[in-house]
Amino acid sequence: MAVNKNVIGRATLPGRNEVEKGAIRKFAEAIGDTNRLYFDEEFARSQGYKSVVAPPTFPVTFIPGSNPREGIDIDYQRLLHGDQTFVYERAICAGDVLWTTSRVVDAFEKAGKRGGSMDFYVFEDESRDGDGNVVCRARRTIILREA
Amino acid sequence: MALRQNLVVGAEIQPVTIGPIQKTQLVRYAGASGDFNPIHFDEEFARRAGYEKNLVHGMLNMGILASVLTDWNGKKPLRSIQCRFKSVVFQGESLTCGGRVESLGDVNGVPIASLSIWAKNPRGETVLEGSATVDVDS
């Protein structure tokens, strides 16, 4: 299926994401990261944080307020992750309520090695606190490889 | 705040090998992250996609690499991390992570380091390649 360039520039509605202690703990356990900042609230407070801290890749769990992939044909057998960036303005902690918006910033195709095409979609996400301050930016490229 | 002692441009982050990454961990990560692509836990589905075994989530590889960085910088949150996904890790394989200090600077008086970072699979392929910015105060 050809890349859908009509989605470029489209943004989702903001989605509410409440950062929870249990979700942080389970995420850190799944990675195998034993950093006390992710598990021990008293310790995190003693280090100057308001509660347990989210691991660096935790914002992958933030969900926008509408489907960022609408109009993009996602075939799980062809889906690859091309690149991923996170930029943090401050530590993300349990108790934060963040509003996440995702925007399609590019869509293009490249010739594949087997005569087909590979479709690329680039998304940029912004997660803001209740005062509108950006807390985290994320950028990712997904690739739909040749069928 | 003072720069961590003996930290110089060119310093290597001692490579760390994590794993083997087993299917239980993939299922756990699927649940914790919300990425339920069956390619990570359904072997038949992975085979139909052309892979002999289930693939480790790219974001799990990146999470493991990030944990090696935070272990190195005194467990402090990162300022940024960026990775390109260049190859895959199969279920049952391990991941070796490392990096290097490329430059030193400061933001509002806090010493920071820019790092190049990488992860390889046991077949010698580079799985992740990227950069990160971290606090390096003592």
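Among contacts in chain A between residues at least 6 apart in sequence, what percentage join residues at least 24 apart? The share is 71%, where contact means heavy atoms within 4.5 Å.

## Basis of the model

This is a predicted model, in which local features need pLDDT of at least 70 and side-chain atom pairs count only at pLDDT 80 or more, while totals for chains, interfaces and linings use all residues. Residues are numbered from 1 along each chain as its sequence is written, chains are lettered from A and ligands numbered from 1 in the order in which they are written, and side-chain values use heavy atoms, with hydrogens and water left out.

## Overview of chain A

Chain A contains two helices and five strands. Helices (H or I, at least four residues) and strands (E, at least two) are DSSP runs, numbered from the N terminus. From that terminus on, the order of elements in chain A is β-α-α-β-β-β-β.

The C-alpha trace of chain A spans about 60 × 35 × 20 Å along its principal axes. Of its 147 residues, 47% count as buried; buried means under 20% relative accessible area, exposed over 50%, and partly exposed in between, with a 1.4 Å probe and protein chains only.

An open sheet is formed by 10 strands in the order S1(A)-S3(A)-S4(A)-S5(A)-S2(A)-S2(B)-S5(B)-S4(B)-S3(B)-S1(B), with antiparallel pairing. S1 of chain A and strand S1 (12–18) of chain B stand at the edges, each with a single partner strand, so one side of each is left without a neighbour in the sheet. On average, neighbouring strands of this sheet are turned by 20° against each other, direction ignored. Two strands pair if DSSP finds at least two bridges between them.

S1(A) pairs with strand S3 (residues 97–111) of chain A in the antiparallel sense over four bridges. Opposite A:Gly15 stands A:Thr100 in S3(A), and opposite A:Glu18 stands A:Val97 in S3(A).

In a regular strand the side chains alternate between the two faces of the sheet.

## A:Ser102 in strand S3

A:Ser102 lies in strand S3 of chain A. This residue is buried, with a relative accessible area of 1%. Leaving aside neighbours within four places in sequence, A:Ser102 is in contact with residues including A:Arg10, A:Pro64, A:Phe123, A:Asp125 and A:Arg140.

The side chain of A:Ser102 also makes a polar contact with the side chain of A:Asp125, at 2.7 Å. A polar contact is a pair of N or O atoms within 3.5 Å; within protein, one must be able to donate a hydrogen and the other to accept it, and residues adjacent in sequence count only if both atoms are side-chain atoms.

## Helix packing between and within chains

Helix H1 (residues 21–31) of chain A packs with helix H1 (residues 23–33) of chain B at an angle of about 150°, and their axes are 9 Å apart. That makes H1(A) roughly antiparallel to H1(B). Axes are lines fitted to C-alpha atoms, for helices over the stretch in contact, and angles run from 0 to 180 degrees between N-to-C directions. Angles under 35 degrees count as roughly parallel, over 145 as roughly antiparallel, 65 to 115 as roughly perpendicular and the rest as oblique. Residues of H1(A), among them A:Phe27 and A:Ile31, meet residues of H1(B), among them B:Tyr29 and B:Ala32.

In H1(B), the buried residues are B:Leu26, B:Tyr29, B:Ala30, B:Ala32 and B:Ser33. They pack against H1 of chain A together with helix H3 (58–72) of chain B. The axes of H1(B) and H3(B) come within 10 Å and cross at roughly 95°. That makes H1(B) roughly perpendicular to H3(B). Here B:Gln25, B:Leu26 and B:Tyr29 meet B:Met59, B:Leu60 and B:Ile64 in H3(B). After H1(B) comes B:Gly34, whose phi is positive, near 85°.

## A:Leu37 in a loop

A:Leu37 is found in the loop between H1 and helix H2 (41–46) of chain A. A:Leu37 counts as buried, at 4% relative accessibility. Beyond neighbours within four places in sequence, its contacts include A:Phe43, A:Tyr49 and A:Val53, as well as B:Lys75 and B:Pro77.
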